Amino acid sequence: MGEDGAVTSASQRPDGTTPVPRLIATDLDGTLLRDDKSVSDRTVAALAAAEEAGIEVFFVTGRPARWMDVVSDHVHGHGLAICANGAAVVDLHAGREFVKVRALPRAAALTVVEALRAAAPGTSFAVELTTGINYEPAYPPFFKDPGAKLATAEKLLHKDLDGNAAPVLKLLAHHAELAPDEFLELARSAAGAYASITRSSPTALLEISGHGVSKASTLALCCAERGISPDEVVAFGDMPNDVEMLGWAGTSYAMGNAHPDVIAAASGRTTANNEDGVAVVIERIVAERLARRQQGHV
């Protein structure tokens, strides 16, 4: 992990001016949330100030919709959030209703399972569905769901005979011995042709989505629907599953606690999540926007 760093400046246009943001896209764990999974009062105030200033805020996370209660009270305006690394757009104002689903085809998921079993023996799997999560018996008890089914991944991915099986949002793969980045590199080499593979956990836990599905690609779709260009987006993140999003956004910030790949991908850097690094930047953005309005530039 990178060490905490001072806030560096945002990207500038060739004429030296800073783009006026219309949308803020922020990861949650390790980014907006503190390590105790709380949202600080300062961050709550900063999010509200951004919306008041006319800047949309999108939470863009690897979390499933059912884990969004921590920020549901802090979503204003549209109420939408991008979950499961881009596999779903949910409406937090409507009880986490799915607005868009970009599923992982079951055939592709089975191909990935086969490839990872061969490339990394000892890998265990879980299957995240729109209806919940199911596990293999060997999958670690991170957050066990009492209603989950236990079976091999092959059985969990077998489509119901009536054809009404719930869409697969992502496949989770865990290895007890490999280093996290080593496992990610190995998995991308073995199965990257069939799915998008990333990680956000400090452990060797991979998150596998449909090919081409990522935080970045779904955020791009949501922005296109609003007529918002990448130059008008400011993004924040800390882990490899944020890299594409930070590279896509016109202005992006790696947290002070970010993974080295995230620091390399971002155009700027802010303080760590426990130091309210997102709020630090939003406060500056809002102040600059208000100053421009007073000068008649916005």
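Predicted model: local features only at pLDDT ≥ 70, side-chain atom pairs only at ≥ 80, totals over all residues.

Residues are numbered from 1 along each chain as its sequence is written, and side-chain values use heavy atoms, with hydrogens and water left out.

**Exercise 1. Find the order of the strands in the open sheet of eight strands, and say which strands stand at the edges.**

Step 1: Start with the terms. Helices (H or I, at least four residues) and strands (E, at least two) are DSSP runs, numbered from the N terminus. Two strands pair if DSSP finds at least two bridges between them.

Step 2: Follow the pairs across the sheet. The order is β5-β4-β3-β2-β1-β11-β12-β13, with mixed pairing.

Step 3: Look at the ends. β5 (97–101) and β13 (268–269) each have a single partner strand, so one side of each is left without a neighbour in the sheet.

Step 4: β12 (residues 251–254) and β13 are parallel and share two bridges; Ala254 has Arg269 in β13 as its bridge partner.

**Exercise 2. Decide whether strand β6 (residues 124–129) is enclosed or open, and find its partners.**

Step 1: Check burial, where buried means under 20% relative accessible area, exposed over 50%, and partly exposed in between (1.4 Å probe, protein chains only). Six of the six residues of β6 are buried, so the strand is largely enclosed by the rest of the structure.

Step 2: Sort the residues by face. Ser124, Ala126 and Glu128 lie on one side, and Phe125, Val127 and Leu129 on the other.

Step 3: Find the partners. β6 runs antiparallel to β8 (residues 168–174), with six bridges, and Ser124 is bridged to His174 in β8. β6 also runs antiparallel to β7 (residues 132–135), with four bridges; here Glu128 stands opposite Ile133.

Step 4: Look at the link. Two residues lie between β6 and β7 in their hairpin.

**Exercise 3. Describe the surroundings of Thr198.**

Step 1: Locate Thr198 in strand β9 (residues 195–199). With a relative accessible area of 10%, Thr198 is buried.

Step 2: List contacts, meaning heavy atoms within 4.5 Å. Not counting residues up to four places away in sequence, Thr198 touches several residues, including Asn85, Leu184, Pro240 and Asn241.

Step 3: Look at Asn241 again. Its backbone nitrogen lies 3.2 Å from a polar atom of the Thr198 side chain.

**Exercise 4. How many disulfides does a search of the whole structure find?**

Step 1: Use the cut-off: a disulfide is a pair of cysteine sulfur atoms within 2.5 Å.

Step 2: The search finds zero disulfides.

Step 3: Check one cysteine. The nearest cysteine sulfur to that of Cys222 belongs to Cys223 and is 7.0 Å away.

Notes. Polar contact = N/O pair within 3.5 Å; in protein donor to acceptor, adjacent residues only side chain to side chain.
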